[in-house]
Amino acid sequence: MGTAPHATRAIELAGHTANLYLETSLQQSTYRIPLAVKTCGAQKILYGSAAPYGHPYPEKEKILNAAITAQEQAMIMGLNAKEMLGLS
C-alpha cells in the first residue's frame, strides 16, 4: 500500500478498480489495514512481508492485531494468494 498519502490513495483506487490489489507491507498506521478491508474488501488485500528491507514478523503482527475478523486475517495472510495462484 505504501506509506502516508500514498497508502490512502492506493486504498481509494483499489476500491473502484477491479484488477487492482493491495499488499500490506510497511504500513506505519494501525488504521490503514481495517480501512482497506472496509473500502476494498479483504479479498483484494495480500500479505506483504517487506523483505528484504524489513522483517516479516512485525508485518504479520500488524495483520493479526488489526481490527478485522479472523476470516479477513486468514484471507490476507494467504487464502487470497492461494486463490489467485489457482492453488485452492
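**A charged residue and its surroundings**

Modeller: Let's start with R32, which is found in helix α2 (residues 32-40); helices here are DSSP runs (H or I, at least four residues) numbered from the N terminus. The model is predicted, with local features needing pLDDT of at least 70 and side-chain atom pairs 80 or more, while totals for chains, interfaces and linings use all residues. Residues are numbered from 1 along each chain as its sequence is written, and side-chain values use heavy atoms, leaving out hydrogens and water.

R32 is buried (under 20% relative accessible area; exposed is over 50%, partly exposed in between, with a 1.4 Å probe and protein chains only). R32 has no salt bridge, meaning a side-chain nitrogen of Lys or Arg within 4 Å of a carboxyl oxygen of Asp or Glu. Beyond neighbours within four places in sequence, R32 is in contact with M1, A4, A7, T8, I11 and Q27, contact being heavy atoms within 4.5 Å.

E59 does have a partner: its side chain meets K62 in a salt bridge (3.3 Å, N to O). Both lie in helix α3, three residues apart, about one turn of the helix. E59 is buried at 5% relative accessibility, whereas K62, at 29%, is partly exposed.

The whole structure holds two salt bridges. R9 and E12 form one, with their closest N and O atoms 2.7 Å apart. These residues sit three apart in helix α1 (residues 4-15), so about one helical turn separates them. R9 is partly exposed at 42%, and E12 is partly exposed at 42%.

Terms used: Helices (H or I, at least four residues) and strands (E, at least two) are DSSP runs, numbered from the N terminus. Lys and Arg count as positive and Asp and Glu as negative; His and the chain ends are not counted.
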